[in-house]
Amino acid sequence: MAAKQILKKKHLEEEEELAKLKKLDDQTEYEYVTIPPDGGFGWVVAFAAMLCNLVCDGTLFAFGTMKIHLQTHFKCSDMLILMVGSVPCGVYLLVGPIVSGLSNRYGCRPIIIIGSIGAATCMVLSTLSPNVWVMMIVYGVFGGIFFGMVYLPYICCLVTAGTGIGALSFGPLADFLMTKFGWKPGMLIFAGIMLTCILFGAIMRPLKPQKVPVKRDIELQSPVKTLKYKNEHSSNTPATLKNADETHEVLLPKADESARISNPATVPSSDTISNEIPAVTTIDNSSSPLNQSSRNRTISSSSQASAGSGDQRRVGVANPEDASRPLYKKDAFVSGSVQQLHHSSRTSLNKINPYVSSVTNIPAAITEEKKKDSAVKAFIDILGAMTDFSILKNKQMLLICIGNIFSMLGYYLPIMCLVSFAIEDLKVEQARASLLLTIFGFFNTIGRFAGGPIAMIPHLNALRVHNALLFTAGILTVLAAYAYNFTTCAIYAGLCGFAIAPHMSLLPSVIYDCVGLDRYTTAFGILFLFRGVTSIIGPPAAGFLKDHTKKYDMAFAIGGAMIIIAAFFHFCIVCFPSDRQAEKEKEEREEEEEIQRKNKLDV
């Protein structure tokens with residue numbers, strides 16, 4: 001009888017244990033994070049984004065050769081015809097904050113597809129324009145909006161190398177088509193090419209959020225209590241602190257095993273997530289069932305994204321839709337290697353998956369009732385962030401914006417005026433002059449790829465390389481006014497194409513060093529607005545000078561001077577401390593505090 005009672009009692013205890021575990025499992029918290037593919041289909045998406053970049057920017061940059069045919073048809077001044085080409089270049093930047101909000105709300109894929117269809121439609125309708133003003137509205141304003149819907153989403157894919165390739169190939173193509181068939185059939189063919197972005201956009205399928213459990217373990221209130229507890233149970237079931245790299249976990253005695261708050265679910269395996277490390281534990285000051293002690297919140301490395309040292313911060317969301325929104329990632333507009341970006345940080349952020357660690361703009365967990373509101377909030381959040389002018393209180397960012405006002409006044413000169421300069425002022429054959437855009441695009445592509453490696457040379461950095469080459473581009477543009485034949489124009493096109501490239505490829509790194517990752521999206525949104533306004537003004541101003549002086553030499557001289565002034569503003573950046581420097585100092589202090597906390601736990 002005694003044996004039966006013991007077995008029955010043991011059976012009841014096991015059932016109670018299972019019931020407790022089931023209850024705890026039902027209370028398990030989960031978060032959603034998105035893990036991008038490392039290789040494989042990720043390369044397909046990157047290539048599709050590059051082709052979108054090629055078609056979009058290539059079409060706009062080909063206006064340098066289209067200009068001659070359009071001006072002949074409309075019989076208008078250089079200022080007006082250049083405005084047709086400059087307006088879409090400015091508008092597609094000005095709509096950046098709105099398009100970014102839409103991309104965050106609906107995803108990049110539908111925005112690119114709609115933008116491709118809209119841009120192609122505007123190009124088709126522009127062939128029906130009775131005068132240059134109508135074409136300016138149809139192709140310039142409305143076309144620019146749809147071009148922006150293609151441009152901004154693929155910027156989120158971190159691929160901009162297609163710009164130089166587009167300028168390299170589309171300039172001669174536009175001249176060939178419009179010379180052979182006329183400007184209207186040529187524009188229709190370019191509209192058909194623009195429709196290929198529908199396919200490229202369709203390839204950019206959104207990432208599926210992964211459900212990651214949040215593991216919770218019990219930690220005693222202090223190391224002193226832990227030692228006391230250990231002494232009381234040293235004979236059979238000692239409580240010890242386990243120190244395994246980043247994990248600090250209190251092991252309870254067997255008698256109290258039922259009191260452990262633990263989630264039996266395991267974290268994603270290293271096959272699923274790259275750069276996997278041991279789980280990182282942060283302390284939550286809320287009470288636990290055992291002695292009302294603090295509890296540990298152990299989060300798998302795949303879902304940790306906070307740069308904070310010890311405070312509890314959500315790194316995923318309860319709503320999987322928010323986890324997959326592209327613009328909630330702080331590095332969405334970072335151009336170049338995200339690995340290198342996070343390598344520059346000295347916090348524990350480096351120890352985890354570098355891309356997932358960027359997902360720190362994700363809002364807190366929400367209830368089911370608020371999921372619909374989160375869709376609207378996804379648009380408003382990004383629109384508000386990218387139009388927050390308070391970032392101009394950062395003196396370095398203010399200098400960058402002022403510098404870009406001047407630089408963009410001269411940036412489009414070689415793209416939109418060089419071919420006309422060679423044909424009208426230097427009497428170069430039209431077919432031969434169109435090759436100047438090919439030369440410019442070829443060396444611009446090289447410059448975009450070479451800027452990063454050059455900046456990694458000892459004693460150099462992104463700011464120094466950017467400033468030196470921007471200043472060089474300004475000097476070259478001033479000297480272009482003295483070009484006297486095709487050869488000198490070609491030399492200018494090649495050197496300027498290379499020198500001006502880091503102004504697009506390295507400036508994102510400069511901005512990151514100035515404002516840090518927290519305000520990077522805001523900085524880029526404000527920069528879009530400054531660039532957009534002056535992009536509209538620059539080429540028509542050059543055309544105005546051409547109309548009054550009958551030559552382009554004055555336009556190139558003044559445009560080059562604007563670029564030189566922009567370089568001086570960027571040179572002044574080093575005179576002011578950056579937010580990033582303050583952020584680094586804060587990170588170092590937090591890292592020291594984290595080390596001290598771990599040492600206390602080890603004791």
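Tutor: Start with burial. Buried means under 20% relative accessible area, exposed means over 50%, and partly exposed is in between (1.4 Å probe, protein chains only). Cys 108, with a relative accessible area of 13%, is therefore buried.

Student: What kind of model is this, and how are residues numbered?

Tutor: It is a predicted model, in which local features need pLDDT of at least 70 and side-chain atom pairs count only at pLDDT 80 or more, while totals for chains, interfaces and linings use all residues. Numbering starts from 1 along each chain as its sequence is written, and side-chain values use heavy atoms, with hydrogens and water left out.

Student: How many helices and strands does the protein chain have?

Tutor: Helices (H or I, at least four residues) and strands (E, at least two) are DSSP runs, numbered from the N terminus. Here the protein chain has 26 helices and six strands. Of its 603 residues, 52% count as buried.

Student: What share of the contacts comes from residues 24 or more positions apart?

Tutor: Contact means heavy atoms within 4.5 Å. Among contacts in the protein chain with a separation of 6 or more, residues 24 or more positions apart account for 84%.

Student: What is the phi of Lys 550?

Tutor: Lys 550 is not a glycine, yet its phi is positive, about 70°. The loop that holds Lys 550 runs between helix 24 (520–549) and helix 25 (553–571). Lys 550 counts as exposed, at 61% relative accessibility.

Student: Now charged pairs. How many salt bridges does a search of the whole structure find?

Tutor: A salt bridge is a side-chain nitrogen of Lys or Arg within 4 Å of a carboxyl oxygen of Asp or Glu. The search of the whole structure gives six. One of them joins the side chains of Lys 67 and Glu 424, at 3.9 Å, N to O. Lys 67 belongs to helix 3 and Glu 424 to helix 17 (residues 418–425), so this pair ties together parts 357 residues apart in sequence.

Student: Which residue does Asp 78 meet in a salt bridge?

Tutor: Asp 78 pairs with Lys 546, at 3.7 Å, N to O. This pair links distant parts of the chain, with Asp 78 in helix 4 and Lys 546 in helix 24, 468 residues apart. Asp 78 is buried, with 4% relative accessible area. Lys 546 also counts as buried, at 10%.

Student: Where are Glu 594 and Arg 597?

Tutor: Both lie in helix 26 (residues 579–602), three residues apart, which means about one helical turn separates them. Glu 594 counts as buried, at 15% relative accessibility, and Arg 597 as partly exposed, at 24%. Elsewhere, salt bridges that share partners join Lys 67, Asp 78, Glu 424 and Lys 546 into one network.

Student: What describes two packed helices?

Tutor: The angle between their axes and the distance between the axes. Axes are lines fitted to C-alpha atoms, for helices over the stretch in contact, and angles run from 0 to 180 degrees between N-to-C directions. Helix 17 and helix 21 (residues 486–500) pack at about 170°, with axes 11 Å apart. That makes the two roughly antiparallel (over 145 degrees; under 35 is roughly parallel, 65 to 115 roughly perpendicular, the rest oblique). Helix 17 contributes Leu 418, Phe 421 and Ala 422 to the contact, and helix 21 contributes Cys 489, Tyr 492 and Ala 493.

Student: How do the residues of that contact divide?

Tutor: Six are nonpolar, none polar and none charged. Ala, Val, Leu, Ile, Met, Phe, Trp, Tyr, Cys and Pro count as nonpolar, Asp, Glu, Lys and Arg as charged, and the others, Gly among them, as polar.

Student: How many disulfides are there?

Tutor: A disulfide is a covalent bond between the sulfur atoms of two cysteines. The test is a pair of cysteine sulfur atoms within 2.5 Å. The count by this rule is zero.
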